[in-house]
Amino acid sequence: MDKSRPILYTLAVSLDKKIKEKTARVGVIGLGYVGLPLAVAFARRGFKVTGIEVHAKRAAALRKGRSYIEDVPSKELAALVRSGALTIDDTGAGIAKLDAVLICVQTPLRKTKEPDISNIVSACGTVAKRLKRGTLIVLESTTYPGTTQEAVLPELEKSGLKAGKDFWLAFSPERVDPGNEKWHIENTPKVVGGIDDRSTGLAVDLYSSVISKVVPVSSATAAELVKLLENTFRSVNIALVNELAQICDRLGLSVWEVVAAAATKPFGFMPFWPGPGIGGHCIPKDPQLLAWKMKSLNFEPRFIELASTVNGQMPRYAVRRVARLLNEDAKSVKRANILVLGVAYKPGVGDFRDSPSLDIMHLLAEDGAKISYHDPFVPRVSVGGRSWSSRRLTDAAVREADCVLILTAHPGLDYPRVVRLARRVFDARNALAGLKGRIERL
Ligand code: SAJ
């Protein structure tokens, strides 16, 4: 660290020392699927952590040691709260005592597909009111490139303190994969980029106390773009195989066979699998954050937008395939009995945000189909003014369907029984690989 400015040097050395001694007080704002595991990870390593959660019900549950995040066992949470290693705060009053604050709030898209960073701005406002000199602030929320430099920094300087002089500021993308048994916070490499070298250095030291591999990059903007590349990469490759699925349909080929055979190439290929669309809170959204920013800079991100378009059209494509299948039995979509298996956005989870299954159910219902669904992870859904509850997967439920649609390949369903009993099955996820019967595959 440069000694040119003694006071700054002293502040930075003092913070670095506290980090290394684990006496630094760490705060995490936003205790969701990213923030809560992060707060627990620092508390588990011996830091005194303040978890700041504005939703009073969530804060109350956490104070009682009740976890609402699958990857954080209540038993461990309760012990950390009881020991005082983790304190839950729902006002941010404790921020003045903190040495480092990690911001992990949601960044949804508006209906206009524009980023909504109001949660980030609000969190920064809470911090600015109580920011003390010598504090490190790190934004973890996935956002468009430039947010940290152009929005967070000025918001924090409303405290009267100067970024890079009185406090330090960095961005570090979250890489939390809920339910992943292998990759968790401590062993997933963490990218970090600061507004200046000192901010980067302090953030590297902080995260290195908890995470085995920390990867510094040259700026906060670079770190923001790294995250968006990771998920845009997925969106583009999923769109490629979704287009390949349509190509295979015209060529009378199985896209599943083609991709699986290509995946035998031991280098230079990575399999992605087609489906009836993409859901969740990352892949549909993150490329849009990048596209929006680039359009504001008069750059047309055609490739990124084309991928989103291809993925976004898959529900309609799936509906066309179902109509074609019903047609083979001289049935129309209108009044057809359709049983959907799987409304969650991906297998093994109960999250159905932006799930393409909902789009497909809505489109078919609008065309007069009688829809029911079975999803062991999702008890009830509503879309387009209609609501459904998950029904038991009885023999009768399968038999009465004119077509069973497999839209999410949840594990644990008795697929052979479905194939045996169903008049027709449209398998959009290759859940029935290897099974024979009246099966039409995407
Ligand atoms: N999907 C496909 N074909 C594929 C892969 C996914 O159609 O080959 C669909 C899924 O069905 C789902 C959507 O895309 O509807 C998103 O699936 P995902 O596997 O990308 O899962 P997400 O949305 O939970 O993405 C998160 C991301 N994690 C973070 O941003 C920290 C992503 O970077 C991870 O790679 C992904 O989890 C993961 O691998 O689980």
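Helix axes here are lines fitted to C-alpha atoms over the stretch in contact, and angles run from 0 to 180 degrees between N-to-C directions. The model is predicted. On that basis, helix α5 and helix α6 pack at an angle of about 35 degrees. The protein chain holds 14 helices and 15 strands.

**The α5–α6 packing**
- Helix α5 covers residues 118–130, and helix α6 covers residues 147–156.
- Their axes lie 8 Å apart.
- The crossing of α5 and α6 is right-handed.
- From α5, the contact draws on I120, V121, C124, G125, V127 and A128.
- From α6, T147, V152, E155 and L156 take part.
- By residue type, the contact of α5 with α6 has seven nonpolar, two polar and one charged.

**Overall dimensions**
- The C-alpha trace of the protein chain spans about 80 × 50 × 40 Å along its principal axes.
- The radius of gyration of the protein chain is 25 Å.
- A compact globule of 442 residues would have a value near 22 Å, so the two agree.

**Burial and surface**
- Of the 442 residues in the protein chain, 52% are buried.
- The protein chain exposes about 20,100 Å².

**Contacts along the sequence**
- Take the contacts in the protein chain between residues at least 6 apart in sequence: 67% of them join residues at least 24 apart.

Terms used:
Residues are numbered from 1 along each chain as its sequence is written. This is a predicted model: local features need pLDDT of at least 70, side-chain atom pairs count only at pLDDT 80 or more; totals for chains, interfaces and linings use all residues. Side-chain values use heavy atoms; hydrogens and water are left out. Helices (H or I, at least four residues) and strands (E, at least two) are DSSP runs, numbered from the N terminus. A crossing is left-handed if the near helix is turned anticlockwise from the far one by less than a right angle, and right-handed if clockwise. Contact means heavy atoms within 4.5 Å. Ala, Val, Leu, Ile, Met, Phe, Trp, Tyr, Cys and Pro count as nonpolar, Asp, Glu, Lys and Arg as charged, and the others, Gly among them, as polar. The radius of gyration is taken over C-alpha atoms; the globule rule is 2.2 Å times the number of residues to the power 0.38. Buried means under 20% relative accessible area, exposed over 50%, partly exposed in between (1.4 Å probe, protein chains only). Accessible areas come from the Shrake-Rupley method with a 1.4 Å probe; for residues, only the protein chains shown count as cover.
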